[in-house]
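Subject: Structure for your review

Dear colleague,

I am passing on the structure that follows, together with a summary of what was found in it. Please read the text with the structure open beside you.

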Amino acid sequence: MAILGACTTFNGLSVPDQNTGDATTFDVSAGEAGDDASPFVDGGGGFLSLEDAVRFCVNAFNCPNLAFSTIDAIDVPVDTQHFSSCVDWMNGALPPDRVGIPQTAQALECAAKATTCKAAVDCMWFGFIDPTDSRCVGVDSGPLSDAGYDRGVCIEDGGGVIYCKTGTIEHCGNAYFPSGSICKAGSDGNHYCDLTIPCGTTTDCNGSILTFCATNGDRSGHDCAVGGFTCGTDISGNTDCLTNGTLRNCSTPGATCSGDTVDVCDGIYSAAYDCAAAGGTCDSTFTARCTRPKGTCTPSSPGIDKCTGDSIMLCSGGQPQAFDCKSIGLKCMPAASGQTGHCG
């Protein structure tokens with residue numbers, strides 16, 4: 001498969017605007033390896049290769065539940081309207097203090113290679129499912145809890161918990177949960193991914209793994225690194241998943257700029273991408289993201305996400321990247337229905 005992002009054959013490529021016919025000319029050699037254009041991780045690499053980033057964003061454009069599941073599960077925002085904005089988050093270089101890159105990338109790569117929406121969402125430890133999901137056929141979790149929550153039922157021989165009334169699923173065998181986690185009914189009658197060991201009374205860190213005595217009376221835990229957090233005890237005495245050494249909770253999933261930092265809320269924890277740590281800034285155009293110090297384009301630049309035959313001009317990591325959709329068996333789809341041009 002041919003990835004065209006650093007190919008000088010495309011230098012001077014003129015991409016016609018599909019609405020006006022005006023052409024934008026790009027120098028796509030600007031992001032070549034060894035250019036030293038970015039001090040971010042890997043000198044320009046992100047969670048995924050350019051090809052896998054495109055594959056992931058194709059799935060995200062086609063599967064609305066994937067975007068919501070990704071930010072809630074692994075604290076990576078997904079733009080399902082602007083293709084290069086999505087690709088930039090997957091492939092653009094990361095701040096040098098970002099932790100848990102391998103753990104986060106594992107879930108994203110799985111979703112990139114998935115061939116169905118169900119399979120893509122199932123790559124996340126937590127996901128949103130359709131009301132018509134076949135795993136909910138004939139499932140009755142009984143009355144809602146006193147707090148109004150679906151009590152859930154165990155599926156996959158105890159390897160998962162499905163909440164059909166609220167349309168969510170958890171995969172106990174995902175690397176997010178400590179080894180040995182299975183679906184269990186807690187003392188409160190609700191179902192959870194828990195460990196088969198005594199609850200105990202302490203909250204502990206084993207590397208990035210946080211374990212604790214849950215409110216249901218069972219021992220539970222998760223890998224903080226999956227969402228880019230460290231496990232530790234902050235100055236207030238909280239042992240939990242920490243952002244820059246501090247417990248930061250939030251309630252509304254999304255990505256926002258806080259000075260030169262991208263704050264990403266998964267609905268419980270707030271992760272931080274420190275753009276300034278490598279000379280970048282936070283750009284709130286489309287989905288909030290880090291700019292790159294020597295970037296020559298942004299996802300909103302003229303000519304970006306435009307098709308030339310089946311090649312699309314992307315902007316990832318601040319550099320223009322020409323990508324041939326045919327190299328992954330797809331076509332370049334012009335902008336339509338609120339979405340920019342994209343492979344599809």
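The link of Cys205 and Cys231 is left-handed, with -85° about the S-S bond. Because Cys205 lies in strand E9 (residues 204-206) and Cys231 in strand E12 (residues 230-233), the pair ties together parts that are 26 residues apart in sequence; helices (H or I, at least four residues) and strands (E, at least two) are DSSP runs, numbered from the N terminus. The sulfur atoms of Cys205 and Cys231 are 2.0 Å apart and form a disulfide, a term used for a pair of cysteine sulfur atoms within 2.5 Å.

Before going further, please note that this is a predicted model, in which local features need pLDDT of at least 70 and side-chain atom pairs count only at pLDDT 80 or more, while totals for chains, interfaces and linings use all residues. Residues are numbered from 1 along each chain as its sequence is written, and side-chain values use heavy atoms, with hydrogens and water left out.

A search of the whole structure finds 15 disulfides, and two others are described here. Cys250 and Cys265 form a disulfide with sulfur atoms 2.1 Å apart, and the link of Cys250 and Cys265 is right-handed, with 105° about the S-S bond. This pair links distant parts of the chain, 15 residues apart, with Cys250 in the loop between strand E13 (239-242) and strand E14 (254-258) and Cys265 in strand E15 (residues 261-265). Cys265 is buried, at a relative accessible area of 7%. Cys275 and Cys290 also form a disulfide, with sulfur atoms 2.1 Å apart, and their link is left-handed, with -85° about the S-S bond. Since Cys275 lies in the loop between strand E16 (270-274) and strand E17 (282-283) and Cys290 in strand E18 (residues 289-290), this pair ties together parts that are 15 residues apart in sequence. Both Cys275 and Cys290 are buried.

On a 1 Å grid over the protein atoms alone, a cavity is a set of points where a 1.4 Å probe fits but cannot get out, a pocket is an open set with protein on both sides within 12 Å along at least five of seven lines, and lining residues have an atom within 4 Å of a point. The search of the whole structure finds one cavity of 30 Å³ or more, and about 70 Å³ of space lies in the largest cavity; grid points are joined across faces, edges and corners, and a volume is the space filled by probe spheres set on the points. H3 and E18 each supply at least two residues of this lining.

The largest pocket has a volume of about 1,300 Å³. It is lined by 40 residues, of which Trp125, Tyr163, Glu170, Tyr192 and Ile268 are the closest to its centre. At least two residues of the pocket lining come from each of H2, E6, strand E8 (191-194), strand E11 (219-223) and E13.

H2 is largely enclosed by the rest of the structure, because nine of its 11 residues are buried. What covers the buried residues of H2 includes H1, H4, H5, strand E3 (126-128), E14 and E15, where contact means heavy atoms within 4.5 Å. H2 is followed by Asp75, whose phi is positive, near 60°.

In helix H4 (residues 101-113), the buried residues are Ile101, Thr104, Ala105, Ala107, Leu108, Ala111 and Ala112. They cover an arc of only 160° around the axis, which puts them on the same side of H4; the arc is that of the directions from the helix axis to the C-beta atoms. Among the elements that cover these residues are helix H1 (50-62), helix H2 (64-74), helix H3 (83-91) and helix H5 (117-121).

Finally, Asn174 is in the loop between strand E6 (168-171) and strand E7 (182-185), and counts as buried at 18% relative accessibility. Leaving aside its neighbours within four places in sequence, Asn174 is in contact with Cys123, Met124 and Trp125.

With best regards

Key. Buried < 20%, exposed > 50% of the residue type's maximum accessible area, 1.4 Å probe, protein only.
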